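Trainee: Please take a close look with me at one part of this model, the pairing of its charged side chains. I would like each cut-off stated once as you reach it.

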Amino acid sequence: MVGLNILWFALILMFLVLVHEAGHMVVAKWCGMRVERFSIFFGRPIAAFRRGETQYAIGWLPLGGYVKISGMTRGEDIPPEVEPRAYYNAPVWRRIATILAGPAVNIVLAVIIFAAIFWIGVPTARITDTVGQVGQGTAAAQMDLRPGDRIVAIDGTRVQGDPERVRKALQAGAPGDPVTVTVARDGSAVELEGERAVLRDISGEPVADPVTGEPLAGLGFTFEVVEGPTRSYGLVGGLERGLDFTWFIVKTNGEVLGDVFSSSEARDQVSSIVGIGAVFNEVSDDGLITLLRFVGVISLALGLFNLLPILPLDGGHILFALIEKVKGSALSRTTYERASFVGLALLMVVFVVALQNDIGRITGEGFRVDP
C-alpha cells in the first residue's frame with residue numbers, strides 16, 4: 001500500500017508541475033515567443049515529437065518538467081530570424097505575463113479544488129458542553145475535571161448547553177482566581193474546586209485579551225465536538241468559500257515564512273518533498289475531501305513558492321524584468337548567472353534543513369547534537 005501511495009503522490013506532483021509548465025508555454029506562445037521544447041521530465045529525450053516549431057518530449061529523469069523559450073538565457077545563440085521573438089526582446093509586460101502564468105495556474109487550480117470540496121459537501125460540526133480532552137498538568141486536571149463531564153454551572157451561574165457561556169464565565173475572572181465548576185457525572189451533580197490558570201493556545205503561548213492586553217483565564221480542557229450532516233454549497237457559495245480558504249492558506253504561509261527567519265521552532269516545521277510524501281501517505285486513506293484538500297494545498301504552495309523573488313524561480317525572473325524596465329537597459333549575463341548561483345545556494349540550504357527536519361520526524365532522531 002505504501003508503494004502505491006508513493007506512486008500516486010508522484011503522479012499528482014507531476015501533474016501539478018506539468019500544468020505549471022503548460023501555463024508558461026501557452027502564454028509564451030500567445031505573446032509571440034518561440035517555444036523550443038515542452039518536456040515531461042528532465043534530461044535527454046527518450047521519446048519526442050514535433051508540432052510546429054515546438055518539440056514535445058519525455059526525458060529520462062523523472063523530476064518535473066520544463067519549457068525552453070528562446071532567449072531565456074542571456075547570450076545564447078539564436079538564429080537571426082528568431083531574434084525578434086526571443087524572450088529578452090519581448091516587452092516587459094509580456095515577459096512578466098509568461099513567467100507569472102505558471103504560478104497563476106497552480107493558484108487558480110487550488111481555488112477550483114477548494115471550491116469543489118464545498119460543492120461536494122463538507123461535514124458540519126457542533127461543539128457540545130461536554131468535556132472532550134483534559135490537558136495533563138493543567139488546572140482542569142488538578143481539579144479532577146474528566147472527559148465526559150457535562151458542565152452545568154461556573155461559580156453558581158448556570159451555563160449548561162452553551163459552550164460560549166462557559167468560556168465567558170471562566171474568562172470573567174483572572175488567572176489565579178478561585179473557581180467552582182459544577183458538572184453532571186454519572187447521573188449526579190459534582191462540584192469541583194480549583195483556580196483559574198492562564199489560557200494558552202495550541203502552541204502553548206498565553207492568550208491575551210484583545211482589548212486590555214491582559215492574559216485571559218482558562219482551565220486547560222477542550223469540548224467534545226460532534227459531527228453533523230454534510231452540507232453542500234452552490235456554485236457561487238462554493239467558489240466564495242474556496243477563495244476564502246485560499247486566502248487563509250496564503251496568509252498563514254506568509255506568517256510562517258516570516259517566522260522562519262526569526263524562530264528556530266518555525267524552521268523546525270519546514271518540510272521537504274520527503275515529509276510532504278509522508279503526509280500524503282497518512283491522509284490518502286482519509287477520504288476524498290481530505291485528499292482534495294491536500295492536493296489543493298500542495299498546488300497553492302507550489303505556486304506561492306515559485307513567486308519568491310530569487311532566481312532561478314519565477315519570482316526572480318519577474319523581479320529582474322522589472323529591474324530592467326526601471327533601469328532602461330538589459331542586465332548582463334554575468335549578473336543573471338551570479339544571482340542564479342546565489343539563489344540556488346539558498347534553495348539548497350532550505351532543502352537540506354527541510355530534509356533534516358523530515359528525517360528527524362520520521363526516525364525520531366535528527367542530525368543535531370545536543371550540548
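Mentor: Lys-68 counts as partly exposed because its relative accessible area is 32%, where buried means under 20%, exposed means over 50% and partly exposed is what lies in between, all with a 1.4 Å probe and only protein chains considered. Before going on, please keep in mind that this is a predicted model, in which local features need pLDDT of at least 70 and side-chain atom pairs count only at pLDDT 80 or more, whereas totals for chains, interfaces and linings use all residues. Residues are numbered from 1 along each chain as its sequence is written, and side-chain values use heavy atoms, with hydrogens and water left out.

The side chain of Lys-68 meets that of Glu-36 in a salt bridge at 3.5 Å, N to O, the rule being a side-chain nitrogen of Lys or Arg within 4 Å of a carboxyl oxygen of Asp or Glu. Glu-36 belongs to strand 1 (residues 35-51) and Lys-68 to strand 2 (residues 54-69), so this pair ties together parts that are 32 residues apart in sequence; strands here are DSSP runs of E with at least two residues, helices are runs of H or I with at least four, and both are numbered from the N terminus. Glu-36 also forms a salt bridge with Arg-34, whose closest N and O atoms are 3.5 Å apart, and Glu-36 counts as partly exposed because its relative accessibility is 22%. Side chains of opposite charge can pair when their charged atoms come close. By the rule given, the count comes to ten salt bridges.

Another of these pairs is Asp-144 with Arg-185, where the closest N and O atoms are 3.6 Å apart. Asp-144 lies in the loop between helix 3 (139-142) and strand 4 (150-154), while Arg-185 lies in strand 6, so the pair ties together parts that are 41 residues apart in sequence. The two partners fall into separate classes of cover: Asp-144 is partly exposed because its relative accessible area is 33%, whereas Arg-185 counts as buried because its relative accessibility is 12%. Through shared partners, salt bridges join Asp-144, Arg-146, Asp-149 and Arg-185 into one network.

The strand that carries Arg-185 deserves a look as well. Strand 6 (residues 178-185) pairs with strand 7 (residues 188-195) in the antiparallel sense over eight bridges, and two strands are said to pair if DSSP finds at least two bridges between them. Pro-178 has Glu-195 in strand 7 as its bridge partner. The hairpin that these strands form has two residues between them, and Asp-186 in this hairpin takes a positive phi near 55 degrees.

Leaving aside residues up to four places away in sequence, Arg-95 touches Met-33, Arg-74, Tyr-87, Tyr-88, Ala-90, Ala-321 and Glu-324, contact meaning heavy atoms within 4.5 Å.
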